[in-house]
Amino acid sequence: MNSFVLPAATLWQRELVRFWRQKSRVLGVVASPLVFWLLMGYGSNDLARFYAGALVLTVMFSAIFSTISIIEDRREGFLLSMLVSPAPRTSMVLGKILGAATLAWLQGLIFLAFAPLAGVRPDVGQVLLAAAAIFLVSFTLTGLGFVIAWKMDSTSGFHAIMNLLLVPMWMVSGSLFPMATAQGVIRAIMWVNPLTYSISLLNGLLGLPNATPGPLASAGVTAGFGLLLLIVSGLMASQKSTKSAA
Amino acid sequence: MIEVQNLTHRYGARVALSNVSFDVKKGEIFGLLGPNGGGKSTLFRILSTMMVPTEGKALVAGCDVVREPAAVRRQIGVVFQTQSLDKALTVEENLRAQGHLHGLSGAVLRERMEAAMKRLGLLDRRKDLVDTLSGGLRRRVEIAKALLHRPQVLLMDEASSGLDPAARRDVSRHVENLRESEGVTILLTTHILEEADRCDRLVLLHQGNIVAQGSPDELRSSIGGDVVVLSSEDPATLAAKICERFHLAASARENEVRVEIENGHRFIAEVVEAFPGAVSSVSLHKPTLEDVFVHQTGASIE
């Protein structure tokens, strides 16, 4: 028990301590979606419509920045000593993902504080539910980042994936236009895009438009995808290889 | 303590290790010496369970690195060539995290950390961020970290590369001290002769093959007498002439001719006399591990 919880806990704590020591990261992650949201929102005179999308983007940026460190850590860094320690790989994966997810969540919460600008006046219950939903989305996106980062040997590869996969995935998630008005292929992509459910979940809980599918179904899909990514991450990290792990 | 049997490793078509076998006894300081690309790092990665070999077998403290990696990991401490420290954390935080990875906590972990920091002279730097430490100090933190769980075997990859000579001696002193007081078995990879000289036994690796093994003295005495190096503008011709005239093996490399011979000082007088003008400078030395390597492979270590 101890040998599973301790490694996970220490890695979780490490993420937080590292983050606390480079606070400028918060600014970078929260500021750009915020500016983006305000420009889009004021420009179209509809802050509410882009709010959930900008929040998810904040969480996504944070998750990407945290998981990109796996690539650096593998070449020269802490990951090496993790790989040759007897701690179970699944415990390391869980610690890393929970740590990075906690950071993304905290930044999502900062963004949640701007909800009144979108015309949302949530009650305490809504805030708690939204906070829980943001954690779920953080966890899932961090899991996605982990799966992408684990096999990569350069950060530039990760940037390419980010531009070719993650950002487009975000664009067709209901963040910019609702599923109701989407046509043909785009609509189909939106249906299978897990991020669609993150957006509809937040919209639903905060009483914003474009909240289909409903919160329960959206939470279910997001959690299911998160769990799947966690399992895949665990399997990837436990694999033995004849190629160098570092 | 370490048994390596017919280990072969390929990266795709490239053979990095070819049928390598050796044993390391308990309490030995054992060196893998060779140039970069010789197979040392591949061997290190296999023994430290970072990678499984394509063929063959390796046992560390009686456990198979492929079938029981978790058991091996409990018995080994690993000091990496690249820093495996988190630079954003302090010395103490790095050690604590490492302890946690090994399931240590509470009073036991605190004691181990104190002992490791004391042994490596890090107590006054415990609250410092690793980022602010010198290369030598960082390497000491790496060693302290590798020792926390009291491993039976310490694996060190180029542990003194990138350090100045004083820091290098300092690391060697700590390593020897560790062997004396705790009986830890140490396997290190190196391309530095001075460091290799301090090992109890060595294998010389070249292009994935063991080209020689034994104690530094045994290896050196495999070359009789002295090594004479003659600088020349035309080493090939000079080497050929020496072979013809003195009936001994002379090898030409770049701009010099090497000759291994008893009573080298006498030979120098004769050779300079015999080929006036063909030799621009002369040196004589007792064989070094570099000479052994050159003798076996025709290539140089560094």
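The structure is a predicted model, in which local features need pLDDT of at least 70 and side-chain atom pairs count only at pLDDT 80 or more, while totals for chains, interfaces and linings use all residues. Residues are numbered from 1 along each chain as its sequence is written, and chains are lettered from A and ligands numbered from 1 in the order in which they are written.

View 1. B:Asn263 is not a glycine, yet has a positive phi of about 45 degrees. It sits in the loop between S13 and helix H10 (264-274) of chain B; helices (H or I, at least four residues) and strands (E, at least two) are DSSP runs, numbered from the N terminus. B:Glu254, also a residue other than glycine, has a positive phi, near 45 degrees. The loop that holds B:Glu254 runs between strand S12 (250-253) and strand S13 (256-261) of chain B. B:Glu254 is exposed, with 8 other C-beta atoms within 10 Å. Most residues other than glycine have a negative phi.

**View 2. The cis peptide bond at A:Pro213.** A:Thr212 and A:Pro213 are joined by a cis peptide bond, with omega about -5 degrees. A:Pro213 belongs to the loop between helix H9 (194-206) and helix H10 (215-238) of chain A. Most peptide bonds are trans.

**View 3. The surroundings of A:Val137.** A:Val137 is part of helix H6 (residues 124-150) of chain A. This residue, A:Val137, is buried, with 32 other C-beta atoms within 10 Å. Apart from neighbours within four places in sequence, A:Val137 is in contact with A:Val56, A:Val59, A:Ser198 and A:Thr222, where contact means that the C-beta atoms, placed from the backbone, lie within 7 Å. The C-alpha atoms of A:Val137 and A:Ala104 are separated by 9.0 Å, and the two residues are 33 residues apart along the chain.

**View 4. The contact between chain A and chain B.** Chain A contributes 27 residues to the contact and chain B contributes 27 residues. On the side of chain A that touches chain B, helix H1 (2-21) and helix H4 (78-83) each supply at least two residues. The largest share of that side, nine residues, comes from H1(A).

Methods: Buried ≥ 20, exposed ≤ 12 C-beta atoms within 10 Å, placed from the backbone. Contact = placed C-beta atoms within 7 Å.
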